[in-house]
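Have the sequence and the 3D view open as you read.

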Amino acid sequence: MALLSRTFMASMLVSFMLLQYFTEADHQFEMMGVNEAPSPQPPTIDCGVACEGRCKVSKRPRLCKRACGSCCHKCSCVPPGTSGNYESCPCYFNLKTPRQTRKCP
């Protein structure tokens, strides 16, 4: 009987400590702002229009638009103009093919 009483008291003590721990952890997350709504996403780009402008003077416009479109969807940006200007979108510039050549036109 004494063993059952000690076991019961130990389990109650552990339960109380766990409850206290999780209550404090939840309060700390609230203080850090974790329970707040996520921040709004940055404005999305219309990849079709952006790539149309980027590829309008290309020798192979269909290939250019396809490559540009996949890069645009990954990076959410397309450099201005028909070539160059990669500094305005470093993600677009740094995407590589499996052969380590630049993927994006």
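Which residues of the largest nonpolar core touch the most other members? They are Cys51, Cys68, Cys72, Val78 and Tyr92, out of 13 residues in that core. A nonpolar core here is a set of buried Ala, Val, Leu, Ile, Met, Phe, Trp, Tyr and Cys residues joined through side-chain atoms within 4.5 Å. Helices H2 and H3 each supply at least two residues of this core, and H3 gives the most, with five residues. Helices (H or I, at least four residues) and strands (E, at least two) are DSSP runs, numbered from the N terminus.

Before going further, a word on the source: this is a predicted model, in which local features need pLDDT of at least 70 and side-chain atom pairs count only at pLDDT 80 or more, while totals for chains, interfaces and linings use all residues. Residues are numbered from 1 along each chain as its sequence is written, and side-chain values use heavy atoms, with hydrogens and water left out.

Now turn to helix H2, which covers residues 47-54 and has Cys47, Cys51 and Arg54 buried. Buried means under 20% relative accessible area, exposed means over 50%, and partly exposed lies in between (1.4 Å probe, protein chains only). Looking down the axis of H2, you will find its buried residues within an arc of 55 degrees, so they line one face of the helix; the arc is taken from the directions from the helix axis to the C-beta atoms. The cover over these buried residues includes helix H3 (61-75) and helix H4 (90-94). Leaving aside residues up to four places away in sequence, Cys51 touches Lys65, Cys68, Gly69, Cys72 and Val78, where contact means heavy atoms within 4.5 Å.

Lys65 has another partner to look for. Its side chain meets that of Glu52 in a salt bridge (3.2 Å, N to O). The pair links distant parts of the chain, with Glu52 in helix H2 and Lys65 in helix H3, 13 residues apart. The structure holds one salt bridge, defined as a side-chain nitrogen of Lys or Arg within 4 Å of a carboxyl oxygen of Asp or Glu. Glu52 is partly exposed at 42% relative accessible area, and Lys65 is partly exposed at 33%.

Finally, have a look at the backbone. Most residues other than glycine have a negative phi. Asn85, in the loop between H3 and H4, has a positive phi of about 55 degrees and is partly exposed at 34%. Gln100, in the segment after H4, has a positive phi of about 65 degrees and counts as exposed at 57%.
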